[in-house]
Amino acid sequence: LSAARPPLLDRLAGLETEYAIRFRPRQGASRPSNFFLYRRLVAALSKRVLTAEAHGPKQGVFVANGGAVWFEMVRYTGGSGLIEGSTPECRGPRQLLAYQRAQDRLVADAAAQADVPGRLALIKNDRDSQNNIYGAQENYEANVATGWWLLCWRIGLVLLVPLLVTSWLALAALVVLMLLYLLAAGVAYLVLLPWLKPRRRRAVRGALFGGPTDDDEQGVLPEWLDGLLAWLTPVLFWPTAGGLFLLVWGCGFRQARRGLLPHLVSRSILGGSGSLDEQGRFHLADKAGAVNCVVGFSGIFARRPIYGFGHFLNLLLFRTFLRPRDYARMFRPRQRLQLCLGDSNLAEEAEYLRIGTTMLVLDAIEAGCLPGVPRLWRPVQALRAIAADPTLTTQVRAMGGRRFTAIELQRFYHQACRDYVERLARESPDDPRQAEARDVLDRWGRALDDLRQDRQQLVGRVDWVTKEFLLDQAGNGESHESRKKIDLCYHELTAEGYFDRLRAAGQVTSILSTEELDRAMRTPPAGTPATMRGHILREFSAGDGRLVVDWNWVVIGRGKARRVFDLTRAAGRPKADPPRAD
Amino acid sequence: MNAEILLPEVIQDVAAPARPAQAPIDQVVAAIRQDSRIEAGKYLDEVVVPHGGE
């Protein structure tokens, strides 16, 4: 092994989860907007843990453990909007699992305690009853490139600058057009006002300017303008998005993407959460059927990718514009690799395996210890075929003509990672991560054995097996609506949720202890950017001074008293004195 | 990364936590079957995310 091999299970990683909102108004009450519900949820959350408003255009708050809760929406109109949680940056699968579960608990409790005119609950899944897709994303720190490829990556970033400026100019033109429209609409409204009856005024205002705005309602656009912007924005961003796509496709994460792909394609047999389609067929995974490309950007083109690079586009188009020094971050050799194909898990073991196996595979790839990875022919189709087959007998074709089942692909990776960990153990027997790596390997191997020999052993451990069991036992002979309710209510984060009912009955295997979960709700993980973020938030959020919190930096105070903390650098220097409010 | 700093967070008790008292699985399944029949259509309508997410 090379001396520069990465430490075992030590990369930064984080999870993003979009929770669907389920709301049932009280008798006689109307349904408020999702943004109203988000605001009330955050108010309830802030009574339990310290929070601070997040920097940037997206509505959100950071919480004391270093994670964040957001209001996520794709469109401004049409009732769009979800609650999104982001775990703090963690190291190691068990730690990340603890923070994901802490986040689930915090937002679920806040939903239950929110002051709303009805019953608010969150659904942690990836597909609603009308096949709209949302859900989970995983982020792993990885080498964007090495050697000559890293040089190519950096040259490409420089070459992107003219395209970036073009997109900024187009964006500025759009803003000017919007302002001109608002001016013209304002004049038209004032001219029409004397002829409008009072009850018509609200409708005209809505058509011209969108909905009303107050503390709990988000200002929205007229629906026609929202639709126009949704169409126009990708067109304006195309030059930068196209250039970045070529750069990522050609140079970005080549080694990791190629080595990981068959693992990700077959991973749904462990991490899939199960789903019923409109014809009543059962699939292993919620999201896999919607994936339509290997590399893409959410919202611009190639919307449902396996590897998502929308965060690079966001960094280039917006963050660089607001804070030019953020552009320099893209030149670093270690970057965020985002996976968009995973499901939201309720079962701890499934989530632990989804994260842990992926981290181990990445470790082996970066150490150069993963030889002979099969190259799949048409990986997106392979992903869908595997996810659509609960018998696990589907074979997918690799280059050269060989065919593999999902279990065989997973066996290949399991064996390769076991060899890698054993080799490390001989070289560094005192590595504290060995125990965790072996735990992942043991659970991984047992799960693959059980899938082949006795699937019922995985009820309460793997989501799709648990849901399939419930559909067979509780949904057998029932209507499609009842079976679909089982599919969705399995994911509801309340005591009435079906997975929680199984948990309460002791039919679910847990990995985390209560103490780990409690600690993860209150304190940030050690040795990551979240450590300093959480510390500063605890020290300063209750004060009167200005506090601006972001993933990469925190600003405290104004004027000469202004102090900026670079959290990414602080994470590399854990012995630095943390700032104090006094 | 300074491994010493990670130790307190990384080395954890990996023993499985105690399971709650077990209720018969048949009982839970029967309750879920019963619940799944109640206002199923209304439930599905309540879980709709127009335009989806990322």
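This note sets out numbered points on a predicted model with local features described residue by residue.

1. **Strand E5 of chain A.** Strand E5 (residues 82-86) of chain A is largely enclosed by the rest of the structure, because five of its five residues are buried. The cover extends to both faces: A:Leu82, A:Glu84 and A:Ser86 are buried on one side, and A:Ile83 and A:Gly85 are buried on the other.

2. **Partners of E5(A).** Strand E1 (residues 12-25) of chain A runs antiparallel to E5(A), and four bridges join the two. Within this pairing, A:Glu16 has A:Ser86 as its bridge partner. Strand E4 (residues 68-72) of chain A also pairs with E5(A) in the antiparallel sense, here over five bridges. In E5(A), A:Gly85 stands opposite A:Val69. Both E5(A) residues named in these pairs, A:Ser86 and A:Gly85, are buried.

3. **Nonpolar cores.** The largest nonpolar core holds 163 residues, and the members touching the most others are A:Trp153, A:Leu244, A:Ile269, A:Leu337 and A:Leu451. For A:Leu244, leaving out residues up to four places away in sequence, the residues touched are A:Leu160, A:Phe297, A:Phe309, A:Phe312, A:Leu313, A:Leu316 and A:Met330. A second, separate core has 15 residues, among them A:Met532, A:Ile536, A:Leu547 and A:Phe565.

4. Helix H18 (residues 529-540) of chain A has 12 residues and spans 17 Å from its first C-alpha to its last, close to the 16 Å expected at 1.5 Å a residue. H18(A) is mostly covered, with nine of its 12 residues buried. The buried residues include A:Met532 and A:Ile536, both of which belong to the second core. Also buried in this helix are A:Pro529, A:Ala530, A:Arg533, A:Gly534, A:His535, A:Leu537 and A:Phe540.

5. **The sheet E16-E17-E18.** Three strands of chain A form an open sheet in the order E16-E17-E18, with antiparallel pairing. Its edge strands, each pairing on one side only, are strand E16 (547-549) and strand E18 (563-566). From one strand to the next, the twist averages 10 degrees. Four bridges link strand E17 (residues 553-556) of chain A with E18(A), again in the antiparallel sense. One of the pairs is A:Trp553 with A:Asp566 in E18(A).

6. **Helix H4 of chain A.** Helix H4 (residues 161-192) has 32 residues and reaches 46 Å from its first C-alpha to its last, close to the 46 Å expected at 1.5 Å a residue. Its buried residues are A:Leu164, A:Ser167, A:Ala170, A:Leu174, A:Ala185 and A:Tyr189. The spacing of several of these can be read against helix geometry: an α-helix has 3.6 residues a turn, so residues three or four places apart point the same way. The buried residues of H4(A) pack against helix H5 (198-209), helix H6 (223-251) and H9 of chain A.

7. A:Asp363 is found in helix H10 (residues 348-366) of chain A. Its relative accessibility is 1%, so A:Asp363 counts as buried, the cut-off being under 20%. Apart from neighbours within four places in sequence, A:Asp363 is in contact with A:Pro6, A:Pro7, A:Leu8, A:Leu9, A:Arg11 and A:Tyr420.

8. **Two residues with greater accessibility values.** A:Pro333 lies in the loop between helix H9 (310-322) and strand E13 (334-339) of chain A. At 34% relative accessibility, A:Pro333 counts as partly exposed. Not counting residues up to four places away in sequence, A:Pro333 touches A:Ala142, A:Asn143, A:Val144, A:Ala145, A:Leu150 and A:Arg154. A:Leu159, in helix H3 (residues 147-159) of chain A, has 60% relative accessibility and therefore counts as exposed. A:Leu159 and A:Gln95 are 64 residues apart along the chain, and their C-alpha atoms are separated by 39 Å.

9. **Chain B.** The secondary structure of chain B comes to three helices and zero strands, in the order α-α-α from the N terminus on. Chain B has 54 residues, of which 33% count as buried. Its accessible surface comes to about 3,100 Å², with 56% belonging to carbon and sulfur atoms.

Methods:
Residues are numbered from 1 along each chain as its sequence is written. Chains are lettered from A and ligands numbered from 1 in the order in which they are written. This is a predicted model: local features need pLDDT of at least 70, side-chain atom pairs count only at pLDDT 80 or more; totals for chains, interfaces and linings use all residues. Side-chain values use heavy atoms; hydrogens and water are left out. Buried means under 20% relative accessible area, exposed over 50%, partly exposed in between (1.4 Å probe, protein chains only). Two strands pair if DSSP finds at least two bridges between them. A nonpolar core is a set of buried Ala, Val, Leu, Ile, Met, Phe, Trp, Tyr and Cys residues joined through side-chain atoms within 4.5 Å. Contact means heavy atoms within 4.5 Å. Axes are lines fitted to C-alpha atoms, for helices over the stretch in contact, and angles run from 0 to 180 degrees between N-to-C directions. The expected span of a helix is 1.5 Å times one less than its number of residues. Accessible areas come from the Shrake-Rupley method with a 1.4 Å probe; for residues, only the protein chains shown count as cover.
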